Amino acid sequence: MGPEVVTILVGGARWTAFEQITVRAAFDEAARAFTFVAAAELGSSPTNRIFAKGTPVQIFANDDLVLTGYVNRKQPKFDAESAQITVSGRSASADLVDGSAEHETGRFKDKTPLEIGQEVSRNYRGTGFVTDQKLDKVEQYQLTPGETCHRCVEKMTRQQGMTITGTADGRAMITKAGARRHAGALIEGVNILTGESDHNDSNQHSKYSVRGQRPFGHGVDNLEIEAVATDKTVKRHRPVVIVQDDDTTKDHAKKRAKNRRDRAAGNALKATISVQGWRDDAGKLWNPGWLIWTESPFLDIAQDMLIESVDLAQNEDGSIAFLSLTDPRSYGGKGGKGNKSGGEWSQDDGDAE
């Protein structure tokens, strides 16, 4: 694939005079980020004004929107041989990550995390929470003074096996891993330029116990809640106890125990791979949270992998995508049936009790 035609829309004009650019999108980050080195073709003063702090920007790859956000930082630099201005920023949803939640009472009853998120962020312009999933209602939620919009919603969505990721149009999407798949595959000797992997079971346990209680009610069902998920692939005695600080139920405790076990198993396999170009075989930009079949004998991987983060880089040498990959279970997805990664590969699909 040839280099992308990358343009930055700022002040109603399209800017293409930059020496290099990187755009980062991560599945577990609610805001995307960018950095580019601007060539001061118009002179230092006009370029500095164009990319002043707080300036709205949009970044496009060919005709595809990649990021909608603002300039956060500008760093002019010169010496006897060169002069450059480094500009960086994040997507509009960074305001939800950094800004405090606002609500008259701070109390919510029988509302979904999306509804709560939309209420606490209603004064934020140019961004907001959206979802492509069906979310369960939260029986009760009390806003903690000073907590951010993102933290408020993330606590509830995590209990439901969801993740909040930044979108190209500057919003925060509540979604689930592995809902979509990229065309083609990442194959050693075909399209993988560089690669490294990490097979690591140091955070896996033989038993995951989640304990908690409800802030109201009485009796064992409300005051002595415990759920246990076992991982029979861990042969040694390695139990762990997780104390649920927030309000929980039996079902939520079971879901968290299972999710904690599955995510630990998923995080035991990571990889970082670079490929030429920013797109898959169907011409779609690489997206975090999507699945891609990955096969590399040297990395000891042959299975579906989830794209955890994408760094799209372009300079005078062309367009390169750096893909951070993980086993889909690390985000609540399912291990593929055709997995053949590592001689020790296996998984425990049992439910929590």
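Good morning. The structure holds zero disulfides, a disulfide being defined as a pair of cysteine sulfur atoms within 2.5 Å. The sulfur of Cys149 lies 7.4 Å from the closest cysteine sulfur, that of Cys152, which is too far for a bond. Cys149 counts as buried because its relative accessibility is 0%, and Cys152 counts as buried at 0% as well. Here, buried means under 20% relative accessible area, exposed over 50%, and partly exposed in between, with a 1.4 Å probe and protein chains only.

A word on conventions. This is a predicted model, in which local features need pLDDT of at least 70 and side-chain atom pairs count only at pLDDT 80 or more, while totals for chains, interfaces and linings use all residues. Residues are numbered from 1 along each chain as its sequence is written, and side-chain values use heavy atoms, with hydrogens and water left out.

I turn to the protein as a whole. Its secondary structure comes to six helices and 21 strands; these are DSSP runs numbered from the N terminus, with helices (H or I) of at least four residues and strands (E) of at least two. Of the 353 residues, 50% are buried. The accessible surface is about 17800 Å², and carbon and sulfur atoms hold 47% of that; the areas come from the Shrake-Rupley method with a 1.4 Å probe, and for residues only the protein chains shown count as cover. Among contacts (heavy atoms within 4.5 Å) between residues at least 6 apart in sequence, 67% join residues at least 24 apart.

Next, the cores. A nonpolar core is a set of buried Ala, Val, Leu, Ile, Met, Phe, Trp, Tyr and Cys residues joined through side-chain atoms within 4.5 Å. The largest one has 39 residues, and those touching the most other members include Phe34, Leu186, Trp286 and Leu325. Strand S20, residues 301–315, gives the most to this core, with five residues. A second, separate core of 21 residues includes Cys149, together with Ala30, Val153 and Ile164. Beyond its neighbours within four places in sequence, Leu186 is in contact with residues including Ile273, Trp286, Trp293 and Leu325.

S15, residues 207–212, pairs with S17 in the parallel sense over five bridges, and Ser209 stands opposite Val241 in S17.

Arg260 is found in H6 and counts as partly exposed because its relative accessibility is 36%. Leaving aside neighbours within four places in sequence, Arg260 is in contact with Tyr208 and Ile242. The C-alpha atoms of Arg260 and Ser209, 51 residues apart along the chain, are separated by 9.5 Å. Thank you.

Methods:
Pairing = 2+ DSSP bridges.
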